[in-house]
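Let's take a walk through this protein together, one piece at a time. Have a look at the picture first, then read on.

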Amino acid sequence: MQKQFLLIILLILIFSCSTNKKETKLTILGTMHFPTEKINADSIYEVLKKVNPDYILMEIDSSFFNPDFTFKKTFDENEYNAVSKYQKDKPSVKIRPIEFEGRNEYRKSIGIFPEASLVFRKLNRLHNEKSYLPNEQKIWDKYEYYWALSDSLDNGNLKSINNEKADKIIDSLMHYQYSELIKITDNRTEFEDAGLIDAKKDTITLKEYYKKWAKFEGTDRNNALSNNILNIVKENPNSTFIVLTGFKHRFYIIKILSPLEKQNNFELKEFYEY
């Protein structure tokens with residue numbers, strides 16, 4: 001009888017330890033940087049309260065922080081306002097940067113600006129002039145289709161831009177924007193003849209510019225965001241993390257990190273699962 005009693009006590013202790021064991025949880029919250037009808041600092045703040053993170057990871061680099069990871073200054077944007085409000089509730093929460101380090105300086109060093117508006121204006125003009133070959137028109141039509149779908153997401157709330165369906169739309173849009181459109185800019189002389197003064201003050205073709213821009217924005221920057229998140233998670237196990245990032249980065253980050261959950265001992269969760 002005494003042995004049975006001791007066995008029961010042991011089992012209770014084991015069960016108690018297992019249930020109290022803290023897990024590493026990671027939520028990737030796609031956001032809008034500026035207020036829309038349904039997404040603003042307050043709606044992001046409500047998610048922060050629900051998730052109750054130990055770490056908030058933001059789409060900015062270390063230059064925005066003091067050495068103790070307090071903000072050097074804040075901006076009137078959704079994420080900053082939500083985080084500042086949440087810090088008053090939970091002063092112990094830690095804020096960390098995940099952006100491509102020295103993003104703006106690096107852009108200039110390779111000769112690109114944040115946007116590629118001249119390229120897109122020319123692409124659109126060729127469409128309006130009905131100048132595309134059939135295969136080119138098919139690419140442009142698909143790009144416009146997914147762009148329209150992504151625009152419709154802008155009218156939704158946080159749940160409507162943070163789900164598998166929305167991720168698939170943005171994944172398809174980015175595929176056409178960063179990969180398929182290059183097939184047009186590479187093959188048409190209009191993008192070879194038109195000169196552009198780049199961020200280094202050099203003259204390059206729109207074709208050359210777009211390749212550089214698409215590689216950085218579509219691949220290099222998203223890889224940096226994903227790797228920086230993973231490194232912070234690995235360095236701080238048994239913590240709850242939330243990433244605040246523009247929702248068009250979310251699909252890529254999840255695509256990179258999802259296969260790495262098991263080997264790195266973390267769990268990807270949606271905010272509405274808490």
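In which helix is arginine 121 found? Arginine 121 is found in helix 5, where helices (H or I, at least four residues) and strands (E, at least two) are DSSP runs, numbered from the N terminus. Before we go on, a word on the source: this is a predicted model, in which local features need pLDDT of at least 70, side-chain atom pairs count only at pLDDT 80 or more, and totals for chains, interfaces and linings use all residues. Residues are numbered from 1 along each chain as its sequence is written, and side-chain values use heavy atoms, with hydrogens and water left out.

Back to arginine 121. With 49% relative accessibility, arginine 121 counts as partly exposed; on this scale buried means under 20% relative accessible area, exposed means over 50%, and partly exposed is in between (1.4 Å probe, protein chains only). Now look for tyrosine 106, which is 15 residues from arginine 121 along the chain. The C-alpha atoms of these two are separated by 25 Å.

Next, see what helix 5 packs against. Two packed helices are described by the angle between their axes and the distance between the axes. Here the axes are lines fitted to C-alpha atoms, for helices over the stretch in contact, and angles run from 0 to 180 degrees between N-to-C directions. Helix 5 (residues 117-128) and helix 8 (residues 164-187) have axes that come within 12 Å and cross at roughly 60°. That makes helix 5 oblique to helix 8, since angles under 35 degrees count as roughly parallel, over 145 as roughly antiparallel, 65 to 115 as roughly perpendicular and the rest as oblique. On the helix 5 side you'll find Val119, Phe120 and Leu123, which meet Gln177, Leu181, Ile184 and Thr185 in helix 8 (contact means heavy atoms within 4.5 Å). Sorted by class, this contact of helix 5 with helix 8 has 5 nonpolar, 2 polar and no charged residues. In that sorting, Ala, Val, Leu, Ile, Met, Phe, Trp, Tyr, Cys and Pro count as nonpolar, Asp, Glu, Lys and Arg as charged, and the others, Gly among them, as polar.

Helix 5 also packs with helix 10 (residues 206-235), at an angle of about 120° and with the axes 9 Å apart. Helix 5 and helix 10 are therefore oblique to each other. Leu118, Val119, Phe120 and Lys122 of helix 5 make the contact with Leu206, Tyr209, Tyr210 and Trp213 of helix 10. These residues divide into 7 nonpolar, no polar and 1 charged.

Now zoom in on threonine 185, which has its place in helix 8. Is threonine 185 buried or exposed? Threonine 185 has a relative accessible area of 0%, so it is buried. Leaving aside neighbours within four places in sequence, threonine 185 is in contact with Val119, Leu123, Phe191, Lys207 and Tyr210. The side chain of threonine 185 also reaches the backbone oxygen of isoleucine 182 at 3.2 Å.

Another threonine to find is threonine 245, in strand 6 (residues 240-246). Threonine 245 is buried, with a relative accessible area of 0%. Leaving aside neighbours within four places in sequence, threonine 245 has contacts that include Ile28, Gly30 and Ile253.

Finally, turn to aspartate 42 in helix 2 (residues 41-51). Aspartate 42 has a relative accessible area of 44%, so it is partly exposed. Tyrosine 86 is 44 residues from aspartate 42 along the chain, and their C-alpha atoms are separated by 9.9 Å.

Key:
Polar contact = N/O pair within 3.5 Å; in protein donor to acceptor, adjacent residues only side chain to side chain.
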